[in-house]
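Visitor: I would like to check the labels on this model against their cut-offs. Can you take me through them?

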Amino acid sequence: MQQDQQLERAARDRLDQAVVNIELTLISIIQGLALAVLAGAAVQPILQLQWQAWPYIFAGLLVVLIFWSRALVHTLSFIRWPLEFGHTFAYFGATLVEAVALTQVAQPAHWFALNALYALAVWGLYAWDLRVVLRDPRPAAHDAERALREDIVRDQRINIRFMMPAAVAFQALSWWLVQRFPQAMIERGGHLLLIGLTLAFSLHYLVGGVRLLRRRQHSLLARAAH
């Protein structure tokens, strides 16, 4: 009986690693494609010195880095066997919206509208991720894994309740301002304040993702050691 349990655990560990490798490969590929879309959209604004589009290009780069880094942290933290197809398919849908938004670096109104939709898609991803974590039937094997699960749930809920709703609301409000007051927002450069605030939030959120992985390093290592 004990030998059968050990064999089953070894098989599950191999499947867990296979699923992690699939997710990491997928994340890198789809965000590589998103980066390629951004590079194509950035060529003319950079060559023609359309400097007002440059903050949007930088913001687009941050969008790619945030998606890649957060998805990486999520995969290492709680993605296991069996493969969650709905979660994986949602990555493709969110990336499609992201890629379309990245083509609009020279069109502020389109940029903010599409990024509001993208933030909404990411909000849905966080909700789906929390569902995956909470329905995992495997009990925590030790204190480090228990602490890791608590940290995952806490971070997911912060994003679901505060960060993503704020992002959706800000991007939607920015779109409305650009549409409602085109003279002030476009002709007088008011949109630069909006994209500047977007850059500040994005940088803060990117740094938060780096800190998140650092905070979980011990728990992830302890889980892998058992």
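Guide: Start with Thr198. At 8% relative accessibility, Thr198 counts as buried. Thr198 lies in helix α7. The model is predicted: local features need pLDDT of at least 70, side-chain atom pairs count only at pLDDT 80 or more, and totals for chains, interfaces and linings use all residues. Residues are numbered from 1 along each chain as its sequence is written, and side-chain values use heavy atoms, with hydrogens and water left out.

Visitor: Why is Thr198 called buried?

Guide: Buried means under 20% relative accessible area, exposed means over 50%, and partly exposed is in between (1.4 Å probe, protein chains only). Thr198 has 8%, so buried is the label.

Visitor: What is Thr198 in contact with, beyond its neighbours within four places in sequence?

Guide: Phe112, Phe170 and Gln171. Contact means heavy atoms within 4.5 Å. Ile22 is 176 residues from Thr198 in sequence and 32 Å away in space, C-alpha to C-alpha.

Visitor: Why is Gln104 called buried?

Guide: Its relative accessible area is 18%, so Gln104 is buried. Gln104 sits in the loop between α3 and α4. Not counting residues up to four places away in sequence, Gln104 touches His110, Trp111 and Leu114.

Visitor: And why is Leu49 called exposed?

Guide: Leu49 has 61% relative accessibility, so it counts as exposed. Leu49 is in the loop between α1 and α2. Its phi is positive, about 55 degrees, although Leu49 is not a glycine.

Visitor: What makes Arg70 and Asp155 a salt bridge?

Guide: A salt bridge is a side-chain nitrogen of Lys or Arg within 4 Å of a carboxyl oxygen of Asp or Glu. For Arg70 and Asp155 the N to O value is 3.6 Å, so the pair meets the definition. The pair links distant parts of the chain: Arg70 is in helix α2 and Asp155 in helix α5, 85 residues apart. Both Arg70 and Asp155 are buried.

Visitor: How many salt bridges does the structure hold?

Guide: Six. Another one joins the side chains of Arg80 and Glu145, at 2.8 Å, N to O. Arg80 lies in the loop between α2 and α3 and Glu145 in helix α5, so the pair ties together parts that are 65 residues apart in sequence. Both Arg80 and Glu145 are buried.

Visitor: How do you know that Arg154 forms a salt bridge with Asp151?

Guide: The closest N and O atoms of Arg154 and Asp151 are 3.0 Å apart, and the cut-off is 4 Å. Both residues lie in helix α5, three residues apart, about one turn of the helix. Arg154 has 47% relative accessibility and counts as partly exposed. Asp151 has 6% and counts as buried. Salt bridges that share partners join Asp151, Arg154, Arg215 and Arg216 into one network.

Visitor: What makes a set of residues a nonpolar core?

Guide: The members are buried Ala, Val, Leu, Ile, Met, Phe, Trp, Tyr and Cys residues, joined through side-chain atoms within 4.5 Å. The largest core here has 36 residues, of which Phe67, Tyr91, Val105, Trp111 and Phe112 touch the most other members. α2 gives the most to this core, with nine residues. A second, separate core of ten residues includes Phe78, Leu130, Val132 and Leu148.

Visitor: Why do Leu35, Phe58, Leu61, Leu65 and Leu203 count as a nonpolar patch?

Guide: Patches are made of residues with over 30% relative accessible area and no salt bridge; like charges are joined within 9 Å, nonpolar side chains (Val, Leu, Ile, Met, Phe, Trp, Tyr) within 5 Å. Take Leu35: at 38% relative accessible area, it is partly exposed, so it passes the 30% cut-off. Leu35 lies in helix α1. The largest share of the patch, three residues, comes from helix α2. Together the five named residues have about 390 Å² of accessible area, from the Shrake-Rupley method with a 1.4 Å probe, where for residues only the protein chains shown count as cover.

How values were computed. Helix = DSSP H or I, 4+ residues; strand = E, 2+ residues; numbered from the N terminus.
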